[in-house]
Amino acid sequence: MLGYVVRRFFSAIPTLFLIVTISFFVMRIAPGGPFNQEKGLNPIVKANLERQYSLDQPLWKQYLDYLNDLLHGDLGPSYVLPDFTVAELFRAGLPISIQLGASALILALLVGGALGVIASLKQNEPSDYSVIALATAGSTIPTFVIAPLLQLTFGLAFAWLPVGGWGGGGLSHKILPIITLALPQMAIVARLMRGSMIESLRSHHIRTARALGLSDLSVIVKHALRGAILPIVSYAGPAAAALITGSIIVETIFSIPGIGRYFVEGALNRDYTLVMGTVVVIAVFTILFNLIVDILYATIDPRVRYD
Amino acid sequence: MTDLAVRTPVKGRSLWGDAWGRLRANRAAVVSAVYLCVMIIACVAGPWISPHGFSTIYQDYVRVPPSFKPYPADDTIEKSLEGAASRARVEIAEWREEGESVVARVTSSKTIDERITRYFDRTSAFENATAESRSPDGMQLTIRAQIERHRFLFGTDNVGRDLLTRTLIAGRVSLAIGLLAGLVAVIIGVLYGATSGFLGGRVDEVMMRIVDILYSLPFIFFVIMLVVFFGRNFVLMFLAVGAVLWLDMARIVRGQTLSIKRQEFVQAADALGVTQSGILRRHIIPNTLGPVVVYMTLLVPQVIILESFLSFLGLGVQEPMSSWGVLIAHGAKNIGTANWLLIFPSFFLTTTLFALNFIGDGLRDALDPKDR
């Protein structure tokens with residue numbers, strides 16, 4: 001197992017390298033630059049700024065410099081927010097995004113999983129249909145519709161919760177963003193869980209367990225669930241990576257200072273280092289969570305071996 | 001001769017005939033299809049029928065809530081008259097309504113120019129203002145103007161544009177982008193996937209590795225870069241969106257092609273001397289069409305969401321044109337004061353997405369009986 005983890009770790013390096021390279025050059029081909037936005041910028045000042053950030057160097061040299069810095073863990077300074085380094089921005093925003101994303105993921109897995117199990121046990125009964133309807137609604141209505149509707153309902157009509165802002169991390173400020181993040185995931189988890197539970201309940205070992213006289217609860221929890229949970233685990237990996245690296249929509253609508261918005265802002269302002277930093281962070285998390293999923297797989301399903 | 005002898009042979013049922021029958025039995029899909037047709041007709045024809053232009057600004061009716069009642073309401077006529085009079089630097093001495101017109105006598109300390117009627121025309125409330133009679137000293141003028149009645153069923157937006165017309169024109173844009181970008185994605189995906197699957201071997205491996213790499217890049221990054229490249233151009237934007245969404249299609253078609261290629265009937269055709277292009281045309285492409293159609297119906301809502309998402313971020317369709325995403329973004333910013341700006345466009349977008357999804361699911365069930 002340890003050997004497998006080490007091998008996977010090293011095989012992630014070329015993937016990361018490729019992602020960094022493609023992103024770097026695609027972004028540089030795009031017209032404009034970080035200092036073209038300010039109108040009437042004196043050409044001499046602009047040239048000085050570009051020299052300051054080595055933007056006057058040939059592209060290949062900038063690329064090699066960036067790779068070198070990256071290997072030393074330096075994500076570079078932000079061009080558009082000149083007092084901050086990219087690392088500082090992430091240090092401030094990432095904990096917030098992780099907090100929201102992780103809570104949303106846990107909520108989605110617990111509630112979605114439970115709904116899926118209930119639906120599979122009551123197949124083709126009203127409770128099954130209502131779970132399916134809920135799942136369809138959750139995965140069809142886009143986040144940028146759900147979020148303002150939640151604000152309208154709970155923030156304004158009932159005035160139970162604040163409409164937006166972070167409020168120093170108070171619980172009431174987190175509820176709506178977490179629900180907005182969790183709902184679509186919950187829908188997908190419920191649907192996956194229902195499907196795989198139905199299949200799992202039909203399998204031979206469940207019939208055997210029932211024939212041996214095990215209680216319903218023990219059959220479902222100990223045997224059926226264990227087999228059914230695999231598709232959820234493989235879905236949860238990439239979903240977790242996407243959730244904790246922040247959502248542009250949720251962070252914009254609820255005005256939350258996470259890292260989700262840096263990506264769009266960075267791309268629009270040609271803040272090259274900020275965009276690259278976001279790409280690297282997202283890629284690292286994606287690779288990491290895929291690895292965790294594979295390890296979990298082997299733990300849950302003894303048939304899976306990594307030798 | 002008996003009737004039996006002339007009985008026609010049993011007519012075979014084609015794949016598509018069969019699928020059509022199954023689709024028609026699916027109530028959710030049929031209702032959705034009807035709903036979608038109504039939506040398309042409303043969005044295409046609605047803006048022409050509507051008495052309001054989608055970018056016509058009614059200055060006097062900013063953020064008017066939705067209602068069936070026409071504007072100006074009786075109690076606001078006086079306000080509109082006074083507004084126009086103060087801009088014309090005259091005073092209203094008296095006024096009365098005569099049917100659908102209003103007659104006002106205005107006074108001033110100087111002689112009044114008859115051309116001040118244009119100040120009344122300029123308001124959203126009156127039209128065809130004419131000077132009826134003038135006092136001998138020229139310091140009084142009687143003006144007759146028709147009252148211009150407007151109905152805003154969905155209310156108006158922040159600058160006083162009719163939300164119903166805007167929602168319909170936005171639907172036109174969103175649906176057009178959805179269909180066209182979906183088509184672009186399907187064409188690229190089918191060509192790429194079919195080539196990869198049919199050629200096989202080394203070529204297949206390289207082509208699919210490229211797809212894998214594109215998959216691992218943050219998808220939004222690509223779209224934003226493309227939008228940045230093409231500028232905020234409406235036509236090029238859906239090409240960009242389509243160009244990003246073909247990856248799944250390519251994988252599906254490749255998988256299909258690979259499995260069909262190995263089927264006995266293809267081998268039989270090969271043995272009978274059918275050419276490669278003949279096999280591709282007669283056997284492989286028609287047999288991949290089912291999943292392609294299904295995937296395309298499910299792709300259209302994805303594209304609409306993506307377009308709305310970009311528009312929401314301000315990267316998509318630009319003013320005064322509109323799409324559902326643009327309207328929802330406006331609505332989200334004004335939920336405190338004008339919630340109809342959010343509710344109507346959200347309802348249109350969401351119901352359309354539901355309809356498209358139900359049709360897609362129905363088609364999948366109809367075309368792929370194994371899956372049932």
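Of the 372 residues of chain B, 38% count as buried, where buried requires 20 or more other C-beta atoms, placed from the backbone, within 10 Å of the residue's own. Before I continue, please note that this is a predicted model, in which local features need pLDDT of at least 70, side-chain atom pairs count only at pLDDT 80 or more, and totals for chains, interfaces and linings use all residues. Residues are numbered from 1 along each chain as its sequence is written, and chains are lettered from A and ligands numbered from 1 in the order in which they are written.

I shall stay with chain B. Chain B contains 14 helices and six strands; helices are DSSP runs of H or I with at least four residues, strands are runs of E with at least two, and both are numbered from the N terminus. The C-alpha trace of chain B spans about 105 × 70 × 35 Å along its principal axes. Its radius of gyration is 31 Å, whereas a compact globule of 372 residues would have one near 21 Å; the value is taken over C-alpha atoms, and the globule rule is 2.2 Å times the number of residues to the power 0.38.

Let us turn to one helix pair. How do helix α13 (residues 324–333) of chain B and helix α14 (residues 340–367) of chain B cross? Their axes come within 8 Å and cross at roughly 150°; axes are lines fitted to C-alpha atoms over the stretch in contact, and angles run from 0 to 180 degrees between N-to-C directions. α13(B) and α14(B) are therefore roughly antiparallel to each other, the term for angles over 145 degrees. Residues making this contact include B:Trp324, B:Leu327 and B:Ile328 of α13(B), and B:Leu341, B:Leu342 and B:Phe348 of α14(B); contact requires C-beta atoms, placed from the backbone, within 7 Å. By class, the contact of α13(B) with α14(B) has nine nonpolar, three polar and no charged residues. Here Ala, Val, Leu, Ile, Met, Phe, Trp, Tyr, Cys and Pro count as nonpolar, Asp, Glu, Lys and Arg as charged, and the others, Gly among them, as polar.

Chain A comes next. Chain A has 13 helices and zero strands, and 38% of its 307 residues count as buried. The C-alpha trace of chain A spans about 85 × 60 × 30 Å along its principal axes.

Finally, the two chains meet. Chain A gives 25 residues to the contact and chain B gives 28 residues. On the side of chain A that touches chain B, the elements giving two or more residues include α1 (2–29) and α13 (272–300) of chain A. That side of chain A has 21 nonpolar, four polar and no charged residues.

Terms used:
Buried ≥ 20, exposed ≤ 12 C-beta atoms within 10 Å, placed from the backbone. Parallel < 35°, antiparallel > 145°, perpendicular 65-115°, else oblique. Contact = placed C-beta atoms within 7 Å.
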